[in-house]
Structures are given as C-alpha cells and as structure tokens.
Amino acid sequence: MLVIPRAHSWIFLLLMAVLLTSGCGKSDPLRRQALSGEVKLAGQPLDQGTIQFEPLDDKGIASGGLIKGGQFAIAKQAGLPAGQYRIMIFAPEAGAAIQDAMPGDTMNAPLAKERVPAKYNTQSRETIDVSDSKKNHFVFDIPAQ
C-alpha cells in the first residue's frame, strides 16, 4: 500500500490528474490532420519546390513541406487543424545564383528566378479546406507563366 503524507497528498493528486489527462504527451489539442497532394507545373509534375499553408483566420497555425517529384506529404504531427488555408507554392530555378556572389556576401547575390507565377505564391488567393472527417489530399495544376 502506498502511504502519502497528508500535506503532500494534494500535490500527488494534482500530478496524477496531469499525467492521466495528458496521455503521456501524445495528446493533440489542435487535432492536426495529415496532408498530401500533387503539384503540376504546366501539366508536368513539379520536380522540386515548397508548399506553405497559412490560416485565413489569423488564429490558426501555419505549416508547409517539400515538393519532390510532384508530390508532397505532411505528417499529422506537423499537419493542420481543420479550417481554411491560403496556399503558396515556390519553385526557384535550379542552380542557385549565390555561386556568383563573393564568399560571405549572400546579401547582394542575385536571386534565383521563380518558376511558379506570383498568383500561386507571393500574391496567392488559392485556398483549401482542411477537414477532420475526410482524407486531405489536394491536387494543384499550375499553368505556365
């Protein structure tokens, strides 16, 4: 039998309550959802790039991931709660222009040209609805610039 001094019993009870409700750190109060999808540029799978999701209500969380071979996947742990999100897709040309800069002078290096039109990244109005009741698989087919 476990004997606990009376003065410390409230601390023990509080600790037990925290441990029982926390699920040993595996709880997910945000109810994040995994996301996956396909990204095409001019009808072809986008070889590489990034995709970002920003909440429309400014109260949620943002997330993003890498695009490889026209595919992206974001695990539930890094996923998004149900809601509406703005999408931004970036894919600079290969061979970063930093190689033309002096060592340590990356501030003045020319930027690599962006292959995705601005209306799908910096000026994006594209949105998605993340659901907590169905698979969150999205397909984006971006026309050429």
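1. Phe53, Phe72 and Phe140 form one aromatic cluster. This is a predicted model, where local features need pLDDT of at least 70 and side-chain atom pairs count only at pLDDT 80 or more, while totals for chains, interfaces and linings use all residues. Residues are numbered from 1 along each chain as its sequence is written, and side-chain values use heavy atoms, with hydrogens and water left out.

2. Rings of Phe, Tyr and Trp (its six-membered ring) pair if their centres lie within 6.5 Å; planes under 30 degrees apart count as stacked, over 60 as edge-to-face and the rest as tilted. Phe53 and Phe72 have ring centres 6.1 Å apart and planes at 50 degrees, so this pair is tilted. Phe53 sits in strand β3 (residues 48-55) and Phe72 in strand β5, so the pair ties together parts 19 residues apart in sequence. Strands here are DSSP runs (E, at least two residues), numbered from the N terminus.

3. Phe53 has 1% relative accessibility and therefore counts as buried; the cut-off is under 20% relative accessible area (1.4 Å probe, protein chains only). Phe72, at 4%, counts as buried too. The Phe72–Phe140 pair is stacked, with 6.4 Å centre to centre and 25 degrees between the planes. Since Phe72 is in β5 and Phe140 in strand β8, that pair ties together parts 68 residues apart in sequence.

4. Now for β1 (residues 35-41), which holds Ser36. Five of the seven residues in β1 are buried. Strands pair if DSSP finds at least two bridges between them. β1 runs antiparallel to β5 (residues 71-74) over four bridges, with Leu35 partnered by Ile74. Its pairing with β8 (residues 137-142) is parallel, over six bridges, and there Lys40 has Asp141 as bridge partner.

5. Two bridges also join β1 to antiparallel β2 (residues 44-45), where Lys40 stands opposite Pro45. The two strands make a hairpin with two residues between them, and Ala42 in the turn has a positive phi of about 55 degrees.

6. Worth a look in the viewer: Ser36. At 18% relative accessibility, Ser36 counts as buried. Its side chain makes a polar contact with that of His137 at 2.8 Å (N or O atoms within 3.5 Å; within protein, one able to donate a hydrogen and the other to accept it, and sequence-adjacent residues count only if both atoms are side-chain atoms). Contacts of Ser36 (heavy atoms within 4.5 Å) include Phe72 and Phe138, not counting residues up to four places away in sequence.

How values were computed: Buried means under 20% relative accessible area, exposed over 50%, partly exposed in between (1.4 Å probe, protein chains only).
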